[in-house]
Amino acid sequence: MLITLPLIYFGLGLLNLAGWDQPEHEKAIDWRDAYVRASLIWGATLVVFLEILSLFESIALIPLSILWLLATFIAVFIGLKRGSLQRS
(Lines give C-alpha, C1' and ligand atoms only; values in the text may rest on other atoms or scores of the structure.)
Protein backbone atom coordinates (compact mmCIF):
# COMPACT_ATOMS: atom_id res chain seq x y z
CA MET A 1 0.00 0.00 0.00
CA LEU A 2 2.74 2.45 0.88
CA ILE A 3 4.46 1.93 -2.45
CA THR A 4 1.40 3.25 -4.27
CA LEU A 5 1.53 6.67 -2.56
CA PRO A 6 3.99 8.17 -5.10
CA LEU A 7 1.85 6.81 -7.95
CA ILE A 8 -1.31 8.26 -6.43
CA TYR A 9 0.49 11.59 -6.01
CA PHE A 10 1.57 11.49 -9.66
CA GLY A 11 -1.98 10.69 -10.80
CA LEU A 12 -3.44 13.51 -8.76
CA GLY A 13 -0.81 15.88 -10.10
CA LEU A 14 -1.64 14.81 -13.64
CA LEU A 15 -5.35 15.42 -13.09
CA ASN A 16 -4.69 18.75 -11.36
CA LEU A 17 -2.50 19.99 -14.17
CA ALA A 18 -4.86 18.74 -16.87
CA GLY A 19 -7.73 20.78 -15.44
CA TRP A 20 -5.67 23.69 -14.13
CA ASP A 21 -6.16 26.31 -16.85
CA GLN A 22 -9.04 24.51 -18.53
CA PRO A 23 -12.05 26.78 -19.15
CA GLU A 24 -15.44 25.32 -18.30
CA HIS A 25 -16.73 25.41 -21.89
CA GLU A 26 -13.61 23.93 -23.51
CA LYS A 27 -13.44 20.14 -23.70
CA ALA A 28 -9.99 19.47 -25.20
CA ILE A 29 -7.34 18.75 -22.56
CA ASP A 30 -3.67 18.73 -23.48
CA TRP A 31 -2.71 15.50 -21.70
CA ARG A 32 0.84 15.46 -23.07
CA ASP A 33 1.66 18.83 -21.54
CA ALA A 34 0.04 17.83 -18.25
CA TYR A 35 2.01 14.54 -18.23
CA VAL A 36 5.35 16.28 -18.76
CA ARG A 37 4.62 18.86 -16.08
CA ALA A 38 3.42 16.22 -13.63
CA SER A 39 6.57 14.18 -14.28
CA LEU A 40 8.78 17.19 -13.59
CA ILE A 41 6.91 18.08 -10.41
CA TRP A 42 6.99 14.46 -9.23
CA GLY A 43 10.74 14.24 -9.82
CA ALA A 44 11.39 17.54 -8.06
CA THR A 45 9.24 16.41 -5.14
CA LEU A 46 11.23 13.18 -4.89
CA VAL A 47 14.54 15.06 -4.85
CA VAL A 48 13.31 17.50 -2.19
CA PHE A 49 12.00 14.66 0.00
CA LEU A 50 15.24 12.72 -0.22
CA GLU A 51 17.35 15.81 0.46
CA ILE A 52 15.26 16.69 3.51
CA LEU A 53 15.45 13.17 4.87
CA SER A 54 19.17 12.90 4.19
CA LEU A 55 19.79 16.00 6.31
CA PHE A 56 18.38 14.11 9.28
CA GLU A 57 19.91 10.79 8.16
CA SER A 58 16.48 9.18 8.22
CA ILE A 59 15.87 7.85 4.72
CA ALA A 60 13.56 4.98 5.61
CA LEU A 61 10.17 3.65 4.61
CA ILE A 62 8.05 5.31 7.29
CA PRO A 63 9.38 8.90 7.04
CA LEU A 64 9.28 8.75 3.25
CA SER A 65 5.73 7.38 3.32
CA ILE A 66 4.65 10.15 5.66
CA LEU A 67 6.03 12.78 3.29
CA TRP A 68 4.31 11.18 0.26
CA LEU A 69 1.04 10.98 2.20
CA LEU A 70 1.34 14.63 3.16
CA ALA A 71 2.05 15.58 -0.46
CA THR A 72 -0.96 13.54 -1.61
CA PHE A 73 -3.25 15.33 0.84
CA ILE A 74 -1.91 18.68 -0.33
CA ALA A 75 -2.52 17.72 -3.97
CA VAL A 76 -6.10 16.70 -3.17
CA PHE A 77 -6.68 19.92 -1.23
CA ILE A 78 -5.32 22.10 -4.04
CA GLY A 79 -7.28 20.17 -6.67
CA LEU A 80 -10.55 20.51 -4.79
CA LYS A 81 -9.99 24.14 -3.88
CA ARG A 82 -9.16 25.20 -7.46
CA GLY A 83 -11.71 22.85 -9.01
CA SER A 84 -9.14 21.32 -11.34
CA LEU A 85 -9.98 17.75 -10.29
CA GLN A 86 -13.59 18.23 -11.34
CA ARG A 87 -12.65 19.77 -14.71
CA SER A 88 -10.25 17.00 -15.65
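Contact here means heavy atoms within 4.5 Å. The structure is a predicted model of a chain with four helices and zero strands. Of its 88 residues, 30% count as buried.

**Overall architecture**
- From the N terminus on, the order of elements is α-α-α-α.
- The C-alpha trace spans about 50 × 20 × 20 Å along its principal axes.
- Among contacts with a separation of 6 or more, 63% join residues 24 or more positions apart.

**Helix 2**
- An α-helix has 3.6 residues a turn, so residues three or four places apart point the same way.
- After helix 2 comes Glu57, which has a positive phi, near 50 degrees.

**Surface**
- The chain exposes about 6,100 Å², of which carbon and sulfur atoms supply 72%.
- A nonpolar surface patch is formed by Leu2, Leu61, Ile62 and Ile66, which together have about 400 Å² of accessible area.
- Ile62 has a relative accessible area of 53%; exposed means over 50%, so Ile62 is classed as exposed.

Definitions and conventions. Residues numbered from 1 in each chain as written. Predicted model: local features only at pLDDT ≥ 70, side-chain atom pairs only at ≥ 80, totals over all residues. Heavy atoms only, no water. Patch = residues over 30% accessible without salt bridge, like charges linked within 9 Å, V, L, I, M, F, W, Y side chains within 5 Å. Areas by Shrake-Rupley, 256 points an atom, 1.4 Å probe, with all protein chains shown as cover. Salt bridge = Lys/Arg side-chain N within 4 Å of Asp/Glu carboxyl O. Buried < 20%, exposed > 50% of the residue type's maximum accessible area, 1.4 Å probe, protein only. Helix = DSSP H or I, 4+ residues; strand = E, 2+ residues; numbered from the N terminus.
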